[in-house]
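Work through the exercises below with the sequence and the structure in view. Try each task before reading its solution.

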Amino acid sequence: MEHLKVSTAQRIVLESVTRLGSENITLERSLGRVLSENIHACRDLPPYDVSAMDGFAVRSSDLASSPVTLSIIEDIRAGDMPKQTVLPGQCSRIMTGAPVPAGADAVVPVEETQAVSTGTLSPNSLPRTGERDEVSLSESMFDAVQINHTVQSGNHVRPRGENMKLGELVLSSGTEITPGVIGVLATTKKSEMQVYRRPSVAILSTGDELEAMNAPVDPNKIPESNAYALMAQVQMLGIEPVLLGIARDDPVELEQYLLRGLDYDVLLVSGGTSVGVHDYVRPTIEKLNVTMKFWRVAMKPGHPLAFGVLKRSAQDALPPLLNPDETTSHLTKPSQNDSKVAGYLPLAGEGANDSLRELHVNAGTASDAFVFGLPGNPVSSMVCFEEFVAPALRAMMGHARLFRRTVTARLAHPVKIRPGRTEFIRVQLTQDETGYLASSTGTQSSGVLLLMARADGLLVMPAEGPALAAGEQVTVQLLDGMVFQDSAGFKE
Ligand code: AMP
Ligand code: MG
């Protein structure tokens, strides 16, 4: 099989995955999810014309020739309903959010008025009401107000239904639930709503050389880190993954782990996907009826990367066992006395079936399972997650924006390329008045995880070059934050 371009491989992944079904969720737990129902307004908001300012509700026609002195007939606070109609020559003192009384069609802010008493106090000796505090204002010590300018009808009035009108479509299915959207949902009295389900994700590491977190330090082994970095990448998307442990480079053991992993919507396997004699992942996955869509992508870091689909029928679905929102963490604890398998979940037949079924939070649907065979090199595995897995998981959750946000930056130093592969260079970004400046975090070896850890973004170098000089413009995918965009945003 030829090496696919990154964009071609991304397209194959996104054409294969489908949005998952819906579930009900409470408003308090809905942040970051995607609505799978339309939300309509259940009332007009505001329910009547309200004042946008503390001031005086007036008839704008009264102010046609200013200055004018209007007598104050009523105090209206937010939550009050006006009792009196404002007649010519009159006004009502009104607070922000209070209903505009009948007869009035505009509000003059208190700062633009002068308090007047028609009693013994002379108007000129009175302070501007705007300079007085609200307490004295509401004490109604003045029974009239002088206004020196004209106002338009509707001045500082929020008309009924300005926010939303009864029955209006306010949020459509597919909307991502942000804090602002949560506010709108609360306004529409939606304490629960339908959202797209999150995929269940399992993570499996492979390799005889790997040392589990709970194993004693062995100088001849490599500490297992991919599962944890991948776990965090999955968590950043709002999904709590399950760590299946470490499978040795043994086809029989690997098959058992893979079988278990295929119960999830998405299985991430790191290591063992190459063509070495001990790289059993691809043949074993294929033996389990997973159709491999590709296993070679022309990218650096990243090679080799495999992607496969397991078609599932409704009969294969397990009944749902847990509501994911009631589960705080699905991460399994390292098993204490498991020296044979350096994983965290004992294998089937070792008393683990129940815990496995409990962990299987999203079973019960017949959606297909997707397997990503990620490279074992820690940086490559993370970069492949960003380019392929993250967009797939977001698509399954119903998001429209699947890709990390890109920014344009200037290169701090020249960059060579090796033609034929799209290169993702780990960079730090600084900002000055002319924009972002991108500088490499150091060696671009795909084994040096620390330099990935220090990166703000991935500078995307098109496969066919040319090499770039310092100061040239480049595209950088941002690695932090939760802002995503419609398209990949880089040229290959
Ligand atoms: P592989 O793709 O299995 O040939 O692995 C490539 C490199 O990545 C080897 O040096 C492995 O030791 C390393 N590696 C594989 N899996 C992991 C892992 N889970 N954590 C840390 N390093 C790993
Ligand atoms: Mg390996």
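A polar contact is a pair of N or O atoms within 3.5 Å; within protein, one must be able to donate a hydrogen and the other to accept it, and residues adjacent in sequence count only if both atoms are side-chain atoms. The model is predicted: local features need pLDDT of at least 70 and side-chain atom pairs pLDDT 80 or more, while totals for chains, interfaces and linings use all residues. Residues are numbered from 1 along each chain as its sequence is written, chains are lettered from A and ligands numbered from 1 in the order in which they are written, and side-chain values use heavy atoms, without hydrogens and water.

**Exercise 1. Describe the surroundings of ligand 1.**

Step 1. Count the residues near the ligand (a heavy atom within 4 Å of it). Ligand 1 has 14 residues around it, and Glu-209, Glu-224, Ser-225, Gly-272 and Gly-376 are the closest.

Step 2. A backbone N or O atom of Ser-225 is 3.0 Å from a nitrogen atom of ligand 1. An oxygen atom of the ligand lies 2.6 Å from a side-chain N or O atom of Glu-209, and a backbone N or O atom of Gly-376 is 3.1 Å from an oxygen atom of ligand 1.

Step 3. Find the covered area (Shrake-Rupley method, 1.4 Å probe; for residues, only the protein chains shown count as cover). Alone, ligand 1 exposes 480 Å², of which the protein buries 76%.

**Exercise 2. Find the largest nonpolar core and the element that gives the most to it.**

Step 1. Apply the definition: a nonpolar core is a set of buried Ala, Val, Leu, Ile, Met, Phe, Trp, Tyr and Cys residues joined through side-chain atoms within 4.5 Å. Buried means under 20% relative accessible area, exposed over 50%, and partly exposed in between (1.4 Å probe, protein chains only).

Step 2. Count. The largest core holds 52 residues; Ile-203, Leu-268 and Phe-294 are among those with the most contacts inside it.

Step 3. Assign elements: helices (H or I, at least four residues) and strands (E, at least two) are DSSP runs numbered from the N terminus. Among the elements supplying at least two residues each are β13 (201–206) and α8 (378–396). The most comes from α8, with 12 residues.

**Exercise 3. Which residues does Ser-191 contact, leaving aside neighbours within four places in sequence?**

Step 1. Locate Ser-191: it sits in the loop between α3 (179–187) and β12 (192–196).

Step 2. List its contacts (heavy atoms within 4.5 Å). Ser-191 contacts Ile-25, Thr-26, Leu-27 and Glu-28, with those neighbours left aside.

Step 3. Compare sequence with space. Ser-191 and Glu-28 are 163 residues apart in sequence, yet 8.0 Å apart from C-alpha to C-alpha.

Terms used. Areas by Shrake-Rupley, 256 points an atom, 1.4 Å probe, with all protein chains shown as cover.
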